[in-house]
Amino acid sequence: MRTLLPYDEREDVTLRPAAVAKVWLGVGQAHETVAVPGVGLGRGDVLVAIELSTVCGSDVHTVQGHRTAPTPLVLGHESVGRVIAVSTDGAFAADGAQLRVGDRVVWSVTVSCGTCDRCAAGFTQKCRALAKYGHERIGPRWELTGGFASHVHLRSGTAIVRVPEMLPAAVLAPASCATATAWAAVTRGAAGRTLESARVLVYGAGLVGLSAIAIAADAGAQVAVVDPSPERRAFAERFGATAATTDSAPADIVIEASGHAVSDAIAAADIGGAVVLVGSVFPADPVPVDAESIVRRLVTVTGVHNYTARELVGAVAFLTGPGRGYPFAEAVGAVHPLSEVDAALAAASAPGAPLRVALDPR
Ligand SMILES: [Zn+2]
Ligand SMILES: [Zn+2]
């Protein structure tokens with residue numbers, strides 16, 4: 001298992017000026033600024049200077065107290081940045097290429113050991129020794145743990161994907177949460193069958209839903225969207241969806257990306273259909289299940305949480321390829337300097353907030 005090396009086996013990298021991390025202390029408290037003048041890289045670790053981070057809905061949920069989190073904590077798990085130091089024994093991108101100083105990269109929210117039973121079974125996001133960027137209490141030997149900072153210390157076991165210079169940071173930052181999760185959801189829903197002409201119904205036009213719409217539509221699916229907001233529905237049309245009508249169900253693949261329409265999503269699947277639950281990432285009341293209906297329709301109901309390295313690679317390939325035809329960059333409605341992290345989080349949770357608010361540490 002990959003564990004944090006003791007100090008005397010680490011390579012010191014000093015930072016002048018010191019790296020800056022915004023540390024969240026608890027509900028209702030302003031972020032504290034922590035200066036980190038150096039990090040100790042373990043074998044296979046990488047130090048990245050962050051170019052842009054976006055505020056995910058789960059960051060907002062944490063700050064509002066809707067989910068528990070160990071504090072003090074550096075939030076943020078949607079970022080793009082540039083490699084500024086690599087451990088001397090080398091570090092590798094998810095495609096196997098050696099990472100080099102200067103590479104522009106995105107990285108997985110999870111750090112996985114690669115050897116435990118869950119990793120071996122392909123569930124690397126549920127590794128027995130799991131760590132997650134933006135979710136860990138800061139501590140000695142690993143302080144730069146989240147995206148709301150000038151730098152992040154990527155540990156061995158992180159899926160790191162090199163990204164082209166030409167793509168806007170606003171498109172790339174959400175890759176490591178929204179886009180990769182959407183890629184995992186669509187892939188799971190398709191489950192080996194072709195998306196060409198498949199009827200896909202997406203509940204929720206947040207960034208996961210919009211990304212799923214674009215991925216499915218680009219593969220030739222007929223995609224309909226359900227969202228209470230007329231503005232979100234109109235935006236979803238630019239990602240390839242039509243607004244759902246009474247004809248939109250039954251669908252071959254139903255993706256529930258809101259967390260608020262689980263019963264409707266399960267009911268909307270046609271014979272042999274697949275229902276992918278991906279939006280239920282916050283506590284909610286249990287949902288009654290009509291088991292007989294699921295049985296008689298031969299419906300598969302599946303959950304997707306986070307993603308694997310392969311799915312992050314797929315998401316980035318989509319964004320750098322056909323995804324360029326969709327208005328992903330417009331999802332970021334405001335960019336704040338890192339020093340305004342509290343204002344950025346307030347803006348991200350305000351009524352009518354843009355899909356993403358970004359933080360620029362430079
Ligand atoms: Zn997220
Ligand atoms: Zn593992």
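A residue is called buried here if 20 or more other C-beta atoms lie within 10 Å of its own, exposed if 12 or fewer, and partly exposed in between, with C-beta atoms placed from the backbone. Strands (E, at least two residues) and helices (H or I, at least four) are DSSP runs, numbered from the N terminus.

Before you click, note that this is a predicted model, where local features need pLDDT of at least 70, side-chain atom pairs count only at pLDDT 80 or more, and totals for chains, interfaces and linings use all residues. Residues are numbered from 1 along each chain as its sequence is written, while chains are lettered from A and ligands numbered from 1 in the order in which they are written.

**Stop 1: covered strands**

Select residues 158-162, which form strand S8. Four of the five residues here are buried, leaving S8 mostly covered. (Two strands count as paired if DSSP finds at least two bridges between them.) Look for Val106, which stands opposite Val161 in S8.

Next, pick strand S7, residues 151-154. Which way do its side chains point? His151 and His153 go one way, Val152 and Leu154 go the other, and all are buried. In a regular strand the side chains alternate between the two faces of the sheet. Strand S3 (residues 46-54) runs antiparallel to S7, with four bridges joining them. Ala49 has His151 of S7 as its bridge partner.

**Stop 2: the two domains**

Color residues 7-162 plus 327-360 as domain 1, and 179-303 as domain 2; these bounds come from an automatic or database domain assignment. Their C-alpha centres are 29 Å apart.

**Stop 3: a parallel sheet**

Show strands S9 through S14 and trace the order S11-S10-S9-S12-S13-S14: an open sheet of six strands with parallel pairing. At the edges are S11 (241-243) and S14 (300-303), each pairing on one side only. Neighbouring strands are turned by 25 degrees against each other on average, direction ignored. Zoom in on S9 (residues 199-203) and S10 (residues 222-226), which pair in the parallel sense over five bridges. Val202 has Val225 in S10 as its bridge partner. Then bring up helix H5 (residues 207-218), which packs on the sheet and touches S9, S10, S11 and S12 (251-256). The direction of H5 makes about 165 degrees with that of S10. Axes are lines fitted to C-alpha atoms, for helices over the stretch in contact, and angles run from 0 to 180 degrees between N-to-C directions.

**Stop 4: two crossing helices**

Select helix H4 (residues 178-190) and helix H9 (residues 309-320), whose axes are 8 Å apart at an angle of about 105 degrees. That makes H4 roughly perpendicular to H9, a label for angles of 65 to 115 degrees (under 35 is roughly parallel, over 145 roughly antiparallel, and the rest oblique). Thr179, Ala180, Trp183, Ala184 and Thr187 of H4 meet Glu311, Leu312, Gly314, Ala315, Phe318 and Leu319 of H9. This contact divides into seven nonpolar, three polar and one charged residue.

**Stop 5**

Step into the loop between H9 and strand S15 (332-337) and find Arg324. Arg324 is partly exposed, because 13 other C-beta atoms lie within 10 Å. Val171 is 153 residues from Arg324 in sequence, yet their C-alpha atoms are 9.1 Å apart.

Tyr326 sits in the loop between H9 and S15 too. Is Tyr326 buried or exposed? Tyr326 is buried, since 22 other C-beta atoms lie within 10 Å. Leaving aside neighbours within four places in sequence, Tyr326 is in contact with Ala214, Arg238 and Phe239.

**Stop 6**

Go to Arg16 and Pro17, joined by a cis peptide bond with omega of about -5 degrees; Pro17 belongs to strand S1 (residues 11-23). The bond from Ala249 to Pro250 is also cis, with omega near 0 degrees, and Pro250 is in the loop between S11 and S12.

Finish at Leu298, a residue other than glycine with a positive phi near 55 degrees. Leu298 is in the loop between helix H8 (291-297) and S14 and counts as exposed, with 11 C-beta neighbours inside 10 Å.

Methods
Two residues are in contact if their C-beta atoms, placed from the backbone, lie within 7 Å. Ala, Val, Leu, Ile, Met, Phe, Trp, Tyr, Cys and Pro count as nonpolar, Asp, Glu, Lys and Arg as charged, and the others, Gly among them, as polar.
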